[in-house]
Amino acid sequence: MKRGGLQNYIIRRLLYAFLIAFGVVTITFILLRIGPSSPADKYLANMSARTQDPAKVIAAVEARYGLDKPIYEQYFNYLVNLARGDWGWSFSTSLPVIELIKRHWIYSFQLILLSMLFASSLGLLIGIYSAVKQYTKVDYIATLFSFTGISIPNFWLGIMLIMVFSVWLGWFKTYYDTGLPVFSLANLKALILPVITLGTGMMAGHTRYARSATLDNLRKDFVKTARAKGLPEYIVIGKHVLRNAILPIITIIMFDMAGVVFGGAYLTEIIFGIPGLGQISFNAIFANDYPVVITITLIGAMVVLLTNLATDIVYTWLDPRIRYD
Amino acid sequence: MRRTGGIFGGRRNLIFSGLMLVLLFIFLLDLFVVDRIFEPFTYFYLFFAPLIIFYGVYPLYANRRLTRYYWDRTKRHRLAVIGLGFIIFLVAVAILGPFLTQDPTQVDFKNKNLPPVGFSSEQSIFDRNTGQLITTETQGTWRHPFGTDDKGRDLLAMLVSGTRISLQIGLMATLIAIFIGLIIGVVSAYLGGWVDNALMRFTDIMMTFPFFLLLVLIVFLYGSSLWFIILVIGLTGWTGTARLVRSETLSLRTRDFIMASKSLGASDRRIVFRHLIPNVMSLVIVIATLSIPGVILAEAALSFIGLGDPTVTSWGLVLHAGQRSLDTAWWIAVEPGIMLFLTVLAFNFLGDGIRDAFDPRSQI
């Protein structure tokens with residue numbers, strides 16, 4: 001295909017992603033700033049502030065951070081700062097937002113990465129195997145297992161795992177130890193339960209998709225041809241079936257990755273006390289720390305938009321029949 | 001589609017519009033003149049019950065052959081039938097259960113942390129006279145077959161109350177979401193042009209929002225009554241439906257039967273209501289069944305992190321309480337989770353069966 005076609009397509013998609021992200025920021029800003037509480041509220045809990053007149057304290061704090069200006073002006077200022085690369089100031093932690101994100105993103109990242117690896121490797125294996133052995137006992141067990149995995153509420157699964165393995169058996173700590181260095185062996189052990197919690201639902205989904213994608217292709221004529229040629233079964237499956245089945249499977253994995261970043265990972269972080277982006281955004285919501293909330297919402301939206309784009313680009317690479325021009 | 005005279009004598013739309021006008025009148029009266037004629041829930045049912053009866057149940061009744069065909073195809077999925085059976089059981093529990101069980105809010109500190117029937121647990125009680133901890137063995141009793149929580153509330157009653165809440169949320173939020181999604185999808189596909197553009201860009205924005213974060217944000221800032229939570233889930237959850245309905249409508253628009261009725265001089269309204277909407281309904285029913293579990297889980301997760309309606313006993317709330325006493329009373333956290341799991345499983349089974357039954361391309 002022409003190189004220019006794909007490049008133009010990517011540029012168009014990026015511009016569009018930018019537009020959508022702008023919409024997300026706007027809606028979040030409005031939702032947060034027309035709400036009934038103010039980030040200045042937390043200063044009232046401060047001992048020194050309590051001796052003074054609460055209205056005065058709030059007014060002073062709001063004046064310092066420009067919160068007393070009309071909403072459209074605040075919004076405009078926020079956008080200008082964002083365009084300059086200034087993500088704002090976190091009221092509840094007294095840090096620049098960018099600094100807060102830098103400190104905490106790695107915890108979310110390692111949890112999500114390990115869960116994805118766990119879910120997609122096992123899910124694909126089980127799914128493909130159960131498709132090849134369709135209508136056998138293995139297939140029924142795998143189907144039942146995937147239904148179970150999809151239906152199990154992951155926050156409940158997390159609690160059950162803590163109860164059995166941490167409280168009763170005492171194999172793991174009930175809380176995530178933040179002192180452990182990231183991507184170390186000790187940390188890996190601490191992440192076993194969170195990864196199972198987050199990964200089980202995804203794995204079940206991957207199993208189902210891998211199974212149905214493989215089954216779709218097993219019925220195709222080219223498989224019959226390959227078998228008629230006398231090719232050994234592992235080549236028929238590995239080379240002819242899987243090559244065609246991989247496209248829908250990639251889609252669901254990418255889709256999951258986008259969805260999971262701000263779906264299940266949230267609750268998993270809360271249950272196990274992992275100080276990732278989910279945890280800090282929750283604290284930020286409760287503290288009405290709107291710059292942090294907007295930033296994390298924006299990160300979530302960007303992850304979704306960019307993975308969608310990446311999926312489409314991976315398509316052209318995996319399947320030369322697909323073109324975007 | 002065959003025109004049906006039937007019990008409404010061909011004046012179905014007229015009767016329905018009449019009913020809706022009466023409802024609107026009562027609602028306006030409630031809003032401006034008299035206070036609180038009905039609860040918000042009642043309005044909800046008064047709006048959707050006729051809608052479902054007139055345009056959901058009645059066509060199925062009038063078109064018995066098609067109904068039979070769908071049922072036969074669904075029936076072939078054994079798991080779907082099991083799921084349906086369990087859902088019917090849950091509905092019965094939700095309607096009748098609260099009359100048969102104890103008050104779920106009744107606190108009884110003498111009987112706190114009782115295990116379920118057939119189980120026993122060790123409890124440490126602080127003895128005031130000697131100042132020592134006494135460990136006693138507690139047996140489950142039939143008075144509290146599912147045990148009690150850390151305030152001595154009957155867990156069976158709490159779970160029954162939770163069933164009612166969860167089903168209500170699942171049904172209502174899904175109906176709202178489906179209703180909005182259907183309208184936006186059909187309008188967008190049928191009108192096209194800038195309307196389609198604007199609606200789809202808005203849908204894209206809503207879709208990229210991290211759903212759960214948005215939910216937590218809105219519920220935390222603007223109140224956490226059950227009614228509001230249902231409304232928020234409904235108002236944010238329509239995007240998938242809108243997209244699917246739009247693409248389905250786009251493909252239907254080019255079909256011969258739509259072209260034919262257009263060239264026969266059918267009005268837009270007639271094409272939309274008589275041809276497009278009935279034909280996307282099977283898709284919509286499948287989406288609805290499959291999105292109910294997500295809605296139930298979203299509310300449970302909200303209650304679990306402490307943002308649910310504190311005045312109603314939902315499964316998530318019980319789970320939230322149970323998390324604190326994992327080491328002393330495991331059953332408090334286990335039981336609501338099992339209910340949640342079985343309910344979601346049942347809807348997934350049913351949804352899967354319906355999807356295969358309504359998809360003419362699938363061969364069961």
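Predicted model: local features only at pLDDT ≥ 70, side-chain atom pairs only at ≥ 80, totals over all residues.
Me: Two residues are in contact if their C-beta atoms, placed from the backbone, lie within 7 Å. Helices (H or I, at least four residues) and strands (E, at least two) are DSSP runs numbered from the N terminus. Against which helices do the buried residues of α8(B) pack?

Reply: Residues are numbered from 1 along each chain as its sequence is written, and chains are lettered from A and ligands numbered from 1 in the order in which they are written. In helix α8 (residues 226-236) of chain B, the buried residues (20 or more other C-beta atoms within 10 Å of their own; exposed is 12 or fewer, partly exposed in between) are B:Leu226, B:Ile229, B:Ile230, B:Val232, B:Ile233 and B:Gly234. They pack against chain B helices α5, α7 (211-222) and α11 (268-304).

Me: What is the mean pLDDT of chain B?

Reply: The model as a whole scores ipTM 0.83 and pTM 0.85. In chain B, 92% of residues reach a pLDDT of 70 or more, and the mean is 82.

Me: How do α3(B) and α13(B) lie to one another, parallel or oblique?

Reply: Helix α3 (residues 64-75) and helix α13 (residues 330-358) of chain B have axes 8 Å apart and pack at an angle of about 130°. The contact is made by B:Tyr70, B:Arg73 and B:Thr74 of α3(B) with B:Gly353, B:Ile354, B:Ala357 and B:Phe358 of α13(B). Angles under 35 degrees count as roughly parallel, over 145 as roughly antiparallel, 65 to 115 as roughly perpendicular and the rest as oblique. The angle therefore makes α3(B) to α13(B) oblique.

Me: Which helix gives the largest share of the side of chain A that touches chain B?

Reply: In the interface, 34 residues of chain A are in contact with 31 residues of chain B. Helices supplying at least two residues each to the chain A side include α1 (3-33), α7 (137-151) and α15 (290-318). The largest share, seven residues, comes from α8(A).

Conventions: pLDDT = per-residue confidence, 0-100. Axes fitted to C-alpha atoms, helices over the stretch in contact; angles between N-to-C directions.
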